[in-house]
Amino acid sequence: MSSKLVEYYNKFNEDKRLDSRHGQVELRVSMKYIHEYLDRAAARQGAAAFHGNNEARAQIKLLDIGAGTGRYSVALADEGYDVTAVEPVKYNLGILKKKGSSVHAMQGNALNLKKLQDKSFDVTLLFGPMYHLFGFEDKSRALGEAKRVTKEGGVILVAYCMNEYGVISYGFKERHILECMQQGRLTEDFKTISGPDELYDYMRIEDIDALNRAQGLERIKIISPDGAANYMRPYLNSLSDEEFEAFVKYQMSVCERQDLIGAGAHTVDILKRGMDGGPE
C-alpha cells in the first residue's frame with residue numbers, strides 16, 4: 001500500500017461521504033443487496049426464524065475487506081451478524097475500533113488475508129480495495145483471496161470505480177481532458193490508464209468480466225448502486241426530503257438495468273463462489 005494512499009485516508013472522511021445525499025444513495029442501495037444475500041445465507045443454513053432473531057443472525061459470518069472506518073461492518077454487527085473487518089490503514093482501523101461494536105477488526109491487506117481461514121464466511125464484501133489496486137494481476141489476486149475465504153455456495157460483493165464516470169467528471173467536467181490526453185493517461189477510445197502514482201483505478205464491464213473468468217466466479221447480478229447520483233450532487237442537495245426519497249426509490253428500481261450499468265460512479269458485482277471440483 002502506497003504512502004500516498006495512507007496519507008489520503010488519514011485525511012479523507014468516508015463516514016461523512018456516506019452521510020451526504022449522493023453517498024446515502026450508494027449506501028442504501030448497497031445495503032439492500034447485502035441484506036438480500038445475508039437472508040439467502042440464513043436460508044441455506046435452515047435458519048427458519050431468521051428475521052428479527054439475533055441468535056440466527058449470529059450464525060451468519062460476514063467479512064468486510066477494506067472496511068474503512070466501518071460504516072458497513074459496524075451497522076451489520078449491530079444488527080447481530082458475526083462480522084470480521086480487515087482494514088490496511090491504521091487511522092481508519094482506529095476509528096472503527098472506537099465505535100465500540102462487536103466487529104472483529106484487524107489490520108490486513110486484500111492481497112494476503114493470511115490471518116483468515118479458507119471457506120470461513122457466508123458473505124464477503126470487497127468494497128474498497130479494487131478502487132486502489134492497479135493492474136490485472138493484483139486485482140485478480142485480491143478477488144482470489146476473497147474467494148478463498150468465502151464458503152462454497154457463498155456470495156462475494158465487489159465494488160469498482162467506473163471508467164466513464166472518471167472521464168466525464170475529472171476529464172470534462174473539471175476540464176483536465178486535454179492534459180490527460182497529452183500525458184497519455186487515456187487510450188484512443190478513452191479508457192483510463194492509471195498507475196500506482198494515482199489514487200484510483202477505473203474499470204469497464206469487460207475488465208470486470210475478465211477478472212471473474214480468471215477466478216472462476218459466477219456472476220449472480222451486477223448493479224449500479226449510485227447511478228446518476230454523483231453526477232448531480234448539487235441537484236440532490238436542493239431536493240426536499242420527500243423528493244430525495246423519491247430519487248432513492250428511483251435508483252432502487254433501476255440499479256439492475258443493464259443499459260445503465262457502467263455509467264455511474266460505481267458498480268457492485270455480486271458473485272457466487274461455487275463448489276470446489278464442481279461447476280460454479
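Visitor: What should I know about the model before I start?

Guide: The model is predicted, so local features need pLDDT of at least 70 and side-chain atom pairs count only at pLDDT 80 or more, while totals for chains, interfaces and linings use all residues. Residues are numbered from 1 along each chain as its sequence is written, and side-chain values use heavy atoms, with hydrogens and water left out.

Visitor: In what order do the strands of the open sheet run?

Guide: Strands and helices are DSSP runs numbered from the N terminus (strands E, at least two residues; helices H or I, at least four), and two strands pair if DSSP finds at least two bridges between them. Here 7 strands form an open sheet in the order β3-β2-β1-β4-β5-β7-β6, with mixed pairing. The edge strands, β3 (104–107) and β6 (218–223), each pair on one side only.

Visitor: Which strands are joined to β5 by bridges?

Guide: Strand β4 (residues 121–126) runs parallel to β5 and is joined to it by 5 bridges, with Leu126 having Val158 as its bridge partner. Strand β7 (residues 266–272) runs antiparallel to β5 and is joined to it by 7 bridges, and there the partner of Leu157 is Ile270.

Visitor: Why is β5 described as largely enclosed?

Guide: A residue is buried under 20% relative accessible area, exposed over 50%, and partly exposed in between (1.4 Å probe, protein chains only). In strand β5 (residues 150–161), 10 of the 12 residues are buried, so the strand is largely enclosed by the rest of the structure.

Visitor: How are two packed helices described?

Guide: Two packed helices are described by the angle between their axes and the distance between the axes. Axes are lines fitted to C-alpha atoms, for helices over the stretch in contact, and angles run from 0 to 180 degrees between N-to-C directions. In this model the axes of α3 and α5 come within 12 Å and cross at roughly 45 degrees. Angles under 35 degrees count as roughly parallel, over 145 as roughly antiparallel, 65 to 115 as roughly perpendicular and the rest as oblique; α3 and α5 are therefore oblique to each other.

Visitor: Which residues of α3 and α5 make the contact?

Guide: Contact means heavy atoms within 4.5 Å. Among the residues making it are Leu27, Met31 and Ile34 of α3, and Tyr72 and Leu76 of α5.

Visitor: Which residues of α5 are buried?

Guide: In helix α5 (residues 71–78), the buried residues include Tyr72, Val74 and Leu76. The helix is followed by Gly80, whose phi is positive, near 110 degrees.
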